[in-house]
Amino acid sequence: MAISTEELAGGITKVVLEGRLDIEGAAAVDLRMNVIAGSKKAVLLDLRNVSFLGSMGLRSLVAPARAIRGRGGKMVIFGPNELVEKVLKTSGIDALIPIHHELDSAMAALQ
Amino acid sequence: MIVRVPYHESACSMTANATDATGERLILQSGIPQLSRIPPWIEHLAAKHSIPDNTQFAIDLCLEEVLSNVMRYGYSGELDRPIVVLFTNPRDNFFVFVIEDEAPPFNPLEARELPVLRSLDELRVGGNGIRLLREFAQSLEYQATPTGNRLIIGFAAAD
């Protein structure tokens with residue numbers, strides 16, 4: 001699991017995850033995600049290249065989203081594949097961290 | 001929809017040497033690092049039995065959920081306890097995994113399914129496990145065994 005960040009216009013931080021967000025993947029990104037959650041207020045989480053999302057991986061998304069919201073910020077999810085989106089929706093995560101498939105709408109949601 | 005599928009006692013037993021003619025068995029010791037053995041095994045089975053990608057995803061998801069729960073809660077984090085996973089392909093386009101452990105009896109199918117999260121303040125992601133199993137598997141069956149638990153999960157091929 002790889003994680004990288006990119007600063008976009010409007011103070012938005014794009015966080016790109018790549019690979020499998022399973023138990024091992026979650027362990028690999030949790031520290032970095034926590035740092036981002038503690039310092040950024042508008043986070044666009046790019047899941048286009050996440051091939052798998054397990055229940056432990058869900059925690060890696062919800063905990064930072066909660067921290068960001070606690071500081072008055074917001075996180076949105078961008079571009080999950082069909083199966084990853086099904087995991088998110090089955091878990092009800094989509095109601096808490098909005099899912100967008102267009103970059104423009106994802107960025108607008110963070111403005 | 002959850003349906004019951006025929007399952008033969010002789011197909012998998014932690015104490016017997018019986019093996020199913022079409023089956024393949026993976027023996028794990030409890031301990032989270034052992035979970036890294038699951039994805040390559042599923043990939044191997046998928047290649048050998050032409051399991052579609054979507055079904056492979058569902059298998060991966062459900063096995064991670066079940067096995068991690070056995071390790072963390074069934075065995076309470078205790079290391080080097082046995083877990084056996086048996087794969088069978090009882091009919092075309094249907095794939096069955098039998099998970100056996102020696103943990104205290106626990107029927108996950110009777111576990112209360114927690115409502116979906118409504119707020120980020122309700123951080124209890126672990127409660128999603130049974131909901132994910134019911135959504136991604138086509139059949140679920142639990143059997144108590146003399147030494148522990150047996151969970152039988154069936155997956156239909158899905159494109």
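**Note on a predicted two-chain model**

1. A:Glu85 has its place in helix α3 of chain A, residues 82–90, where helices (H or I, at least four residues) and strands (E, at least two) are DSSP runs, numbered from the N terminus. This is a predicted model, in which local features need pLDDT of at least 70 and side-chain atom pairs count only at pLDDT 80 or more, while totals for chains, interfaces and linings use all residues. Residues are numbered from 1 along each chain as its sequence is written, chains are lettered from A and ligands numbered from 1 in the order in which they are written, and side-chain values use heavy atoms, with hydrogens and water left out.

2. Is A:Glu85 buried or exposed? With a relative accessible area of 15%, A:Glu85 is buried, a term that means under 20% relative accessible area, with exposed meaning over 50% and partly exposed in between (1.4 Å probe, protein chains only). Not counting residues up to four places away in sequence, A:Glu85 touches A:Pro80, A:Ile99 and A:His101, contact being heavy atoms within 4.5 Å.

3. Helix α1 (residues 23–39) and helix α2 (residues 55–70) of chain A pack at an angle of about 5 degrees, their axes being 9 Å apart; axes are lines fitted to C-alpha atoms, for helices over the stretch in contact, and angles run from 0 to 180 degrees between N-to-C directions. That angle makes α1(A) roughly parallel to α2(A), since angles under 35 degrees count as roughly parallel, over 145 as roughly antiparallel, 65 to 115 as roughly perpendicular and the rest as oblique. On the side of α1(A), the contact is made by A:Ile23, A:Ala26, A:Asp30, A:Met33 and A:Ala37.

4. The largest nonpolar core has 68 residues, and those with the most contacts inside it are A:Leu17, A:Leu61, A:Leu88 and B:Phe97; such a core is a set of buried Ala, Val, Leu, Ile, Met, Phe, Trp, Tyr and Cys residues joined through side-chain atoms within 4.5 Å. Helix α2 (residues 53–74) of chain B gives the largest share of this core, ten residues. A second, separate core of nine residues includes A:Leu8, A:Leu44, A:Val76 and A:Met107.

5. Chain B has three helices and five strands, which run β-α-α-β-β-α-β-β from the N terminus on. Of its 159 residues, 52% count as buried.

6. In chain B, an open sheet of five strands has the order β1-β2-β3-β5-β4, with antiparallel pairing, where two strands pair if DSSP finds at least two bridges between them. The edge strands are β1 (24–29) and β4 (139–144) of chain B, each of which pairs on one side only, and the twist averages 15 degrees from one strand to the next. Strand β3 (residues 94–101) and strand β5 (residues 149–156) of chain B pair in the antiparallel sense over eight bridges, and B:Glu100 has B:Arg150 as its bridge partner in β5(B). Helix α1 (residues 38–49) of chain B packs on the sheet, touching β1, β2 (82–91) and β3 of chain B.

7. Why is helix α3 (residues 129–136) of chain B largely enclosed by the rest of the structure? Six of the eight residues of this helix are buried, so it is largely enclosed; the buried ones are B:Gly129, B:Ile130, B:Arg131, B:Leu132, B:Leu133 and B:Phe136. These buried residues of α3(B) pack against α2 and α3 of chain A together with α2, β4 and β5 of chain B.
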